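Please walk me through some local features of this protein model.

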Amino acid sequence: MRQDNEFTFPAGAEVSIIPVMQGDPNIKIDESELPDVLPVLALRNAVLFPGAVFPITIGREKSIKLIQDAEKNNFFIGAVPQIDVMVEDPQQEDLFPYGTVCKILKTLEMPDGTTTAILQAYKRLALDSVIGFEPYITARVHYLPEILHDSEHSTDIKAIADSLKDKAIQVLRASNMGTRETIGALKAIDNFRFLVNFIATTIDFENFDGKMDLLQYDDVKSRALKLLSLLEVQVELMKIKQEINQKVKSEIDQQQREYYLNNQLRTIQEELGMDDGEEFDKFREKAATKKWPEEVAKTFEKELSKLEKYNPSSPDYSVQYNYLEFMLDLPWGEMSEDNLDLSHAQKVLDKDHYGLDTVKDRIIEYLAVLKLKGNMKSPILCLYGPPGVGKTSLGKSIAKSLGRKYVRIALGGMHDEAEIRGHRKTYVGALPGRILNGLVRAGTSNPVIVLDEIDKLSSDFKGDPSSALLEALDPEQNGTFHDNYLDIDYDLSNVLFITTANSTSPIQPALLDRMELINVTGYLAEEKQEIAKKFLVPKQLDEHGIDKKALKIDNKAVKKIIDEYTHESGVRGLEKQIAKIARVTAKKIALGQEYPSVILPEHLKEYLGLPTNFHDLQKGNEAPGVVTGLAWTQMGGEILFVESSVSGGKGVMTMTGNLGDVMKESATIAYQYIKAHPEMAKMDSKTFGEKDIHVHVPEGATPKDGPSAGITMVSSMVSALRGESVKKGLAMTGEMTLRGRVLPVGGIKEKILAAKRAGVNTIVISEDNRKDIEDIKDVYIKGLTFHYVQNIADVISFIF
């Protein structure tokens, strides 16, 4: 872009304002000699005031034409500042409404090919309207007076003049614009009007708009006060610039000093055979590629500088070296790209696991939000349920479906907080925590980390690991996870944490609150058959080197294995039995013996031995006093039998069967309730007081506890006292109160699966559990009838 008011300098050159060449404090002009219409020269970054003589560099063709005509014909021109210096062809709205009337004293051809015009400014003017643009701008104007109400010898005017001179000299000296001649000329000015206009023209203000505004003041004193405020601001700005420059210079001096000392130190180390310069250079090269925050970069450089000063034989050297290596190994800001194809993720999850729809839906929901939003904090999922249902392996499938790295950290038996947070590096043998170590193994900052068996954490004098996990598993805090070894905050917010547990009760409540709980329940017999067919049999045949066409297991045989050789909610035991069949078959093949290509139910005795699972089959309630209850354990759902017998005596109740305190309390409540309501046992209080009751819950060696056998205890005692059996195919679960109210219990789905395995067809359950039953898919409750009760009277009236 061509300039009309300043010289052109090479890029990076320091530009100084061209000072006023001369000025006439007493210049006067008869206003009648001035025309109403003037050609206008648009100025960039310059403002002229009356009395000033100022050089202007001309670049635009219209401006050159105007200068040439004005000099040749000796006519007046208007010098008007341009509001936006970037506008090449200004219109009226691009011009400041005030300017000065000038004459061209002389034009000079400069060595760089530009033209410089020396202008003499006479009087201020105001633009009325632009009336033409060719061959240059012409405008109708009127002229403005210079008013000074006070005498130039008054105290106010003298004080303002002295202040103006002082501030102007400070600015000129600070900006290196003030030559000795300029400052001397400034001090010698005794005409107040000319002093104001001289300073306003000479000083190059940061606030150019403020400089233009000076043109509109008719009152010279007001213009001087405004000019003084601009000078005050300019002085403050220059002080700030000087402070910044001094600070930068000091920093550069300090860097040069450190550079010199480091070179000296390196030379000394070379002489002593301690030169590790190449190793340190490699560290710095690797650090330069890291996407870590600026604070981390500063810490790394600081720690590396410490290492450079250590003697390699010093113990601290290896500690510091390992620490810096670990810092470089961490994947700062390194992210693997998520596969946001939802259908692909669904296929991967379905291929690796049968069922588990709740977990799969949650992962697909997370992917969908990630796809729409582009970024979100990773959820903290807790998969809890019985063993063998696929919780841990599900984590690997989730990583595979997302296209992320997979890391598994086993928490079972962990009792040292430092396993999570690491040790301080000052300790001998200090190591980082398992979480950051997992990130190093993964090589990315957004892997899927499975924290396995979180309910098996323990604590001792070394600390509580579950408390250390509070920060890592809190989406609001884990963006600044602090490992004691690293001693720098690390962002874990992009990590997808998945924890697994068999039960949520041992987990610390504060930790449990931070996680999104997903119940991974056990499988139906039909589901186990599908899992065996699609996953377990092909897997075991492959692991034992048997061709898939060489051996098949009949569906009926699989069903018999499930019913008679396993006792579980998951499929781990089923897989072991299939593995045993594969081993026996592999042995027969290796020995060249004949073997059946299809394993049928009748072959199972030869391959697996006699059936081992009988205790969870519902044996019927033929005898009075025997009632089937439903229980929940960490292994899944179970059925239990409550047996009661009655004999003559003094009204004493005996309990056996390795019962826990809560279960004993349930039996006591049941006994006391019947004692208060003997009519339900079809006897009076006197007769009841003459009966001893013995309550037994087999198997005697197995510990049992919990409140959900309350209504089973009552039913068993009432059945024994009446001498009547309860209905066949009946099981029940529910807690009771001393008033006879039936309360809801948990673990409903697991209990239903246990009931189905045992051949139960009717379940008595609390009315408050109806909502839990309605949430369960129909496939799980197919073939079962539910009878909902509110109190013990409802139970007794139904079961006989």
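What follows covers a helix pair, then a serine, then a tyrosine.

This is a predicted model. Begin with the helix pair. Two packed helices are described by the angle between their axes and the distance between the axes. Helix H23 spans residues 710-722, and helix H27 spans residues 792-799. Their axes come within 11 Å and cross at roughly 50°. H23 is therefore oblique to H27. The crossing is right-handed. On the H23 side, the contact uses Ile-711, Val-714, Ser-715, Val-718 and Arg-722. H27 contributes Ile-792, Val-795, Ile-796 and Ile-799. Sorted by class, the contact of H23 with H27 has seven nonpolar residues, one polar and one charged.

Now turn to Ser-644. Ser-644 sits in strand E18, residues 636-648. Its relative accessibility is 8%, so Ser-644 counts as buried; the cut-off for buried is under 20%. The side chains of Ser-644 and Ser-716 are joined by a polar contact of 2.6 Å. Beyond four places in sequence, Ser-644 also touches Pro-624, Gly-625, His-694, Val-695, Met-717 and Ala-720.

Finish with Tyr-595. Tyr-595 lies in the loop between helix H19 (572-591) and strand E16 (598-599). At 26% relative accessibility, Tyr-595 counts as partly exposed. Setting aside neighbours within four places in sequence, Tyr-595 contacts Ala-550, Leu-551, Thr-585, Lys-588, Ile-589 and Tyr-607. With Ala-550 there is a polar approach: a polar atom of the Tyr-595 side chain lies 3.5 Å from the backbone oxygen of Ala-550. Ala-557 is 38 residues from Tyr-595 in sequence, and their C-alpha atoms are 16 Å apart.

Notes: Residues numbered from 1 in each chain as written. Predicted model: local features only at pLDDT ≥ 70, side-chain atom pairs only at ≥ 80, totals over all residues. Heavy atoms only, no water. Axes fitted to C-alpha atoms, helices over the stretch in contact; angles between N-to-C directions. Helix = DSSP H or I, 4+ residues; strand = E, 2+ residues; numbered from the N terminus. Parallel < 35°, antiparallel > 145°, perpendicular 65-115°, else oblique. Left-handed = near helix turned anticlockwise from the far one by under 90°. Contact = heavy atoms within 4.5 Å. Nonpolar A, V, L, I, M, F, W, Y, C, P; charged D, E, K, R; others polar. Buried < 20%, exposed > 50% of the residue type's maximum accessible area, 1.4 Å probe, protein only. Polar contact = N/O pair within 3.5 Å; in protein donor to acceptor, adjacent residues only side chain to side chain.
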